[in-house]
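I opened this notebook to record what I looked up in the structure shown below. The entries follow the order in which I worked.

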Amino acid sequence: MYELTSLSFSLWVVLAFTGTYGVNYGKIADNIPKPGNVALLLKANKIKNIRIYDADHEVLKAFKGSGIEIVVGLGNEYLKDMSVNEDRAMDWVKENVQAFLPGTSIKGIAVGNEVLGSADQELWEVLLPAVKNVYNALDRLDLTHVVEVSSPHSEAVFGISYPPSACTFKETLLPYMKPLLQFFSQIKSPFYINAYPFLAYMSDPEHIDIKYALFQSNSGIYDEKTKLHYDNMFEAQVDAAYFALEKIGFEKMEVIVSETGWASHGDANEAGASVKNARTYNYNLRKLLLKKKGTPHRPKSPVKAYIFAMFNENLKPGPTSERNFGLFKADGSIAYDIGFDGLEPSSALPSFLSLKDIGLQGWFRSSYSLVYMTSAAVLFLIFS
């Protein structure tokens, strides 16, 4: 087996998320825009960071040269194979990451999704070996300074999460969580958490103030132990993760929110799912993230989050809310107004659409200018 040295761990710190605001680009749908148009939509709205849940080659090709930074996903279905087969991990990295670099800005690989929060104990056992084999492959290809390795978790990994300072990991998960975190600490990867005030509110609407969940004016909560006040649930969830990490010795590990969002429609029993609430949550969250400020417990560490999701995805199974987390509708128009521009129907382009954001026009102009200057240079060489 290929062994990593301590030197390998200390050479580089990869920043897979260089901003504070990103979006999850899910594709469980048969009616959403083509990847090339998605890239244009993201550029128009100055969204630089995205996560995808696979390594779709059509997406990776379409995003070449866009400058958009991508975290690709290695699905849970691959973990068992990757955990015992170094060659398989190497092949996957070569085919799905190395082949697209540097043109496509792949900044991270998310190995599995919400594995330790699931009920599948077999996956718990293979997660760390799979993570190590993927990292080993990157190391052998000299890509560990370019591509970060991580694994996002759900809130189900916590036994207690309220108040924030009381947050702890479930005892049953510690034999798997601690070694995983130790490895991530060595390679300087953050702790990624999927944090949804919407789900918390929906589970207990009688006792949770929706204004607290939506970043609206409210009395908030007071953490008696730390003497910290929280006026919104999102920051409380982020700090809860920090406190859980501190309790088991990972005080220096950064917490990044890999998913958060609010459904714009839901079933009758899905409290809070409405266009109004989704707009309020995502508008206020975006405003918070763009301030690049920290939480009450970590005021000097800017909060970073990927919003779930880019589009409403019509083929997602489960309750109605699952198909209605999008910032954009399937046709590329905005689901509600939080300051983004969407795609508009155009008679000239019946199957696709025209962007109205001036930033995209600037992108086209810069591309045209580059072609023009290159052509001029060639003519100069020919006739000189």
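**Entry 1. Terms and overall make-up.** I took helices (H or I, at least four residues) and strands (E, at least two) as DSSP runs, numbered from the N terminus. The model is predicted, so local features need pLDDT of at least 70 and side-chain atom pairs count only at pLDDT 80 or more, while totals for chains, interfaces and linings use all residues. Residues are numbered from 1 along each chain as its sequence is written, and side-chain values use heavy atoms, with hydrogens and water left out.

I noted 12 helices and 15 strands in the protein. I then looked up burial, where buried means under 20% relative accessible area, exposed over 50%, and partly exposed in between (1.4 Å probe, protein chains only). Of the 384 residues, 52% count as buried. For contacts (heavy atoms within 4.5 Å), I found that residues 24 or more positions apart account for 69% of those with a separation of 6 or more.

**Entry 2. Pocket and cavities.** I worked on a 1 Å grid over the protein atoms alone: a cavity is a set of points where a 1.4 Å probe fits but cannot get out, a pocket is an open set with protein on both sides within 12 Å along at least five of seven lines, and lining residues have an atom within 4 Å of a point. Grid points are joined across faces, edges and corners, and a volume is the space filled by probe spheres set on the points.

The largest pocket has a volume of about 520 Å³. Of its 26 lining residues, Glu114, Tyr196, Glu259, Lys316 and Glu322 are the closest to its centre. Which helix gives the most to this lining? I recorded helix H8 (residues 197–203), with 4 residues.

I also noted 4 cavities of 30 Å³ or more. The second largest cavity holds about 40 Å³ of space, and its lining includes Val238, Tyr242, Val255 and Lys304. Helix H10 (233–247) and strand S12 each give two or more residues to that lining, and S12 has the largest share, 3 residues.

**Entry 3. Salt bridges.** I counted a salt bridge where a side-chain nitrogen of Lys or Arg lies within 4 Å of a carboxyl oxygen of Asp or Glu. The count comes to 9.

Lysine 80 is partly exposed at 40% relative accessible area, and glutamate 122 is partly exposed at 48%.

Glutamate 246 and arginine 298 also meet in a salt bridge (2.8 Å, N to O). Glutamate 246 lies in helix H10 and arginine 298 in the loop between H11 and strand S13 (305–308), 52 residues apart. Is arginine 298 buried or exposed? I found arginine 298 buried, at 18%.

**Entry 4. Glutamate 270.** I located glutamate 270 in the loop between strand S12 (255–260) and helix H11 (275–290). For charge, Lys and Arg count as positive and Asp and Glu as negative, with His and the chain ends not counted. Glutamate 270 is buried yet has no salt bridge, and the nearest side chain of opposite charge, arginine 323, is 7.2 Å away.

What does the side chain of glutamate 270 make a polar contact with? I recorded the side chain of serine 321, at 2.5 Å. A polar contact is a pair of N or O atoms within 3.5 Å; within protein, one must be able to donate a hydrogen and the other to accept it, and residues adjacent in sequence count only if both atoms are side-chain atoms. Leaving aside neighbours within four places in sequence, glutamate 270 is in contact with Met202, Pro319, Thr320 and Ser321.
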